[in-house]
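Dear colleague,

I am handing over the structure that we discussed, and my notes on its pockets and helix contacts follow it. Please read them beside the model.

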Amino acid sequence: MKMPETWQAEHKLFPHQVGFTCPPFDYDAAPSDFLRMAPDTVGVHGWMLHVPDYAHGLDQRKASFGMMDDFCHCMARNGADVAAQVGSNWVHASGLGVDGIRDHCSSLSDRHGLAFHMAGYAMVEALRALNVEKVALNAAYHWPEWWQGTRDFLGEAGFDVLWAGNFRDQGWFESQEEINACRWVFDGDLAFRSFEHVAERAPAADAYLINGMCNFRSGPNGLPQRPAHLARELEARLGKPVVGHDTALYWRVFKTLGLAPVTPQGRLLESLRD
């Protein structure tokens, strides 16, 4: 018995189908977060990269970059409309540069017949859509090689990065090892303290950014939450847009689908309703 090679609209479980992938050893919240803010017409599937000896090295990300093609192939074969790559460092680890990443996303999209978006490049697209020029980067848990790559990538894309630094640079931790021991999950109030610190260091910024897919215990009963959950309150405090790589990636996926969140969000995601 041979199944049809392509999915017809009447065969799909959801009118709009999205696939997310994430780095090895990161149980990722993106599929859950995106689904909770999406219309009922959206279905989400996750795909975790398998690299057995993975140690979060940028060199390993570059070596595993070809797995994005595998990811898109799998998602396209299963009827996904969009394939979204979680993990902000993959764009600068690749060594392709801003234009190279743009072309790579376009090439995979054309090859597999879906839209492929990377979190690191989605940030660039989101900031351009917001018409901002000057930014400051809350580098959160990222160690220097990581966040410096993001800073340089943003600079190559034409943004003026007024200040960038992680939680150690901001004075909340004494060492990178202490940050790493938290395994990307931090006290809820650190989100607000850290952004207020960044705003004090770069008051002229048009927007404040946060690196990666940080988690803060700011939800009910200390449930970890991503920056997208906190954007509205942060923006109310700072008076400027707050954009995380999670927010930017969700925005790019919704934009491709021609949809908007059904729950209240920060400025970037709310702009999809305009």
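The lining of the second largest pocket draws at least two residues from each of strand 1 (16–22), strand 2 (42–48) and helix 3 (67–77), where helices (H or I, at least four residues) and strands (E, at least two) are DSSP runs numbered from the N terminus. Strand 2 contributes the most to this lining, with five residues. The model is a predicted one, in which local features need pLDDT of at least 70 and side-chain atom pairs count only at pLDDT 80 or more, while totals for chains, interfaces and linings use all residues. Residues are numbered from 1 along each chain as its sequence is written, and side-chain values use heavy atoms, with hydrogens and water left out.

The second largest pocket holds about 290 Å³ of space. Of the 16 residues that line it, Gln-17, His-45, Met-75, Asn-78 and Ala-80 are the closest to its centre. A pocket here is an open set of points, on a 1 Å grid over the protein atoms alone, where a 1.4 Å probe fits, with protein on both sides within 12 Å along at least five of seven lines, and lining residues have an atom within 4 Å of a point; the volume is the space filled by probe spheres set on the points, which are joined across faces, edges and corners. This lining divides into nine nonpolar, six polar and one charged residue (Ala, Val, Leu, Ile, Met, Phe, Trp, Tyr, Cys and Pro count as nonpolar, Asp, Glu, Lys and Arg as charged, and the others, Gly among them, as polar).

The largest pocket holds about 550 Å³ of space, and among its 31 lining residues Tyr-27, Asp-28, Ala-29, Asn-215 and Arg-226 lie nearest its centre. Helix 1 provides the largest share of this lining, three residues, and by class the lining has 14 nonpolar, ten polar and seven charged residues.

Helix 1 (residues 30–37) also packs against helix 11 (residues 245–257), at an angle of about 50 degrees and with the axes 11 Å apart (axes are lines fitted to C-alpha atoms, for helices over the stretch in contact, and angles run from 0 to 180 degrees between N-to-C directions). Helix 1 is therefore oblique to helix 11, given that angles under 35 degrees count as roughly parallel, over 145 as roughly antiparallel, 65 to 115 as roughly perpendicular and the rest as oblique. Ala-30, Asp-33, Phe-34 and Met-37 of helix 1 make the contact with Tyr-250, Val-253 and Phe-254 of helix 11, contact meaning heavy atoms within 4.5 Å. These residues divide into six nonpolar, no polar and one charged.

Finally, the axes of helix 9 (residues 188–201) and helix 10 (residues 227–238) come within 11 Å and cross at roughly 40 degrees.

With best wishes
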